Amino acid sequence: MKTVKSQTETFQKTGYIRFDFSSDLGHPESQKQLKQLAQEFAELPLDPYNPNSHRYRRYSRGIILPWNNEFHWLPNYQTPDGQQRCEYFQGAYNSEYAEEYRAFSPLSEATKQIPLLSRIIQYDYEQTFWDQRTLTMPIHVGVHFVKMLVRDAQAESVASPDHVHQDGEPFTFCHLVERTNVLGGTNLIATPECAGKKREEVQPHQIHEEFELNHPLESYGVCDRMVSHYVSGVRLGAEDKVALRSAILIDYVPTVISIP
Ligand SMILES: [Fe+2]
C-alpha cells in the first residue's frame, strides 16, 4: 500500500483515489470488528424512500474537530412517536430528491462504537484537503451503510441517483464490506461534465477509470468537484444464492454559517 502522503498527492491531482484498508484486517481483532460491521448490514431496513429499489440502508452523522482530529457522533432525532431518525440533505445534488430532507434509521449504538469504523472515518479524513480557513470549524461526517440485495433474476438493485453524478459533498469515500454473487455493481469515475448523464452517454475519453470493488475494505474516494461518479445496478450472478453488495459510504462537508 502506498504511503498516506503519496496517496494524498495523487488524490489532489486526479480527484479520486483507490486504496485498500484490508491490510488492517491482519489483526484478529479487526477481523472480529469487520464481522460486527457485517452484522449491522444483515439487519438493515429497506430504504423507505424507494421500497422497489432493493436497497437497504442506515445513516448516522458525526463531526471531526480539525484542530485535534477528534471524532464525535451526533445525536439522533426522535420523532413524536418515539422512533430514532437521522436526517440527510443533499440540496440540489440528487435530482431524485432535490431540496428534500430524507430521514433514515440511524446506525445502532453498538455499531457506532466499533473501533474499526472510527479508524476508517479518521483515515478517510486524513486523505481530504481543505482551505485552511475551513479547518477552524467542525467537519460534518455522514456515514451511510448501504446494501444492494436481489433474490431473483428479473430484479435489479439500483443506487440513488441511478446516473453519473456528483454528490454535492466535497469528499466521499466508499468501502466495500461484502460482495457476493453480483453481476454489475461496477464503479465509474469520469470527468465532472458527465454529471447528469446515463452511463451509456459517457464517451470513452471522459472516463478516468471503471472498476469493481471485490474484497472487504477495498475502497475508493472522490473529491466531488474534480470528478463525477456512478455505480451500476446489482443483478443476480451465476451462483445459487442472493446477490449482495454492502458498502460503507462516508462523506465530509465543512460547516457553513449562513443566515439569510
Ligand atoms: Fe454518489
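Helices (H or I, at least four residues) and strands (E, at least two) are DSSP runs, numbered from the N terminus.

## About this model

The structure above is a predicted model: local features need pLDDT of at least 70, side-chain atom pairs count only at pLDDT 80 or more, and totals for chains, interfaces and linings use all residues. Residues are numbered from 1 along each chain as its sequence is written.

## The overall fold

Let's start with the whole chain. It holds four helices and 15 strands. Its radius of gyration (taken over C-alpha atoms) is 18 Å, close to the 18 Å that the globule rule (2.2 Å times the number of residues to the power 0.38) gives for 260 residues, so the chain is as compact as a globular protein of that length. Along the principal axes, the C-alpha atoms fill a box of roughly 50 × 50 × 45 Å.

Two residues are in contact if their C-beta atoms, placed from the backbone, lie within 7 Å. Of the contacts in the chain with a separation of 6 or more, 79% are between residues 24 or more positions apart.

## The nonpolar cores

A residue is buried if 20 or more other C-beta atoms lie within 10 Å of its own, exposed if 12 or fewer, and partly exposed in between, with C-beta atoms placed from the backbone. Buried residues make up 36% of the 260 residues in the chain. A nonpolar core is a set of buried Ala, Val, Leu, Ile, Met, Phe, Trp, Tyr and Cys residues joined through C-beta atoms within 7 Å.

The largest such core has 47 residues, and those with the most contacts inside it are Leu-37, Val-164, Ala-190 and Ile-248. Apart from this core lies another, of nine residues, among them Leu-149, Val-150, Val-234 and Leu-244. Not counting residues up to four places away in sequence, Leu-37 touches Thr-111, Ile-114, Leu-116, Leu-117 and Val-177.

With 18 other C-beta atoms within 10 Å, Tyr-125 is partly exposed. Leaving aside neighbours within four places in sequence, Tyr-125 is in contact with Ile-64 and Tyr-252.

## Loops worth a look

Asn-76 sits in the loop between β3 (70-73) and β4 (77-78). This residue is partly exposed, with 18 other C-beta atoms within 10 Å. Beyond neighbours within four places in sequence, Asn-76 is in contact with Gln-84, Arg-85, Cys-86 and Pro-106. Pro-161 lies in the loop between β7 (139-150) and β8 (171-180), and the peptide bond from Ser-160 to Pro-161 is cis, with omega near 0 degrees.

Asn-181 is found in the loop between β8 and β9 (182-184). Its phi is near 50 degrees, a positive value in a residue other than glycine, and with 17 C-beta neighbours inside 10 Å, Asn-181 counts as partly exposed. Leu-217, in the loop between β11 (207-211) and β12 (218-223), has a positive phi of about 70 degrees although it is not a glycine. With 21 C-beta neighbours inside 10 Å, Leu-217 counts as buried.
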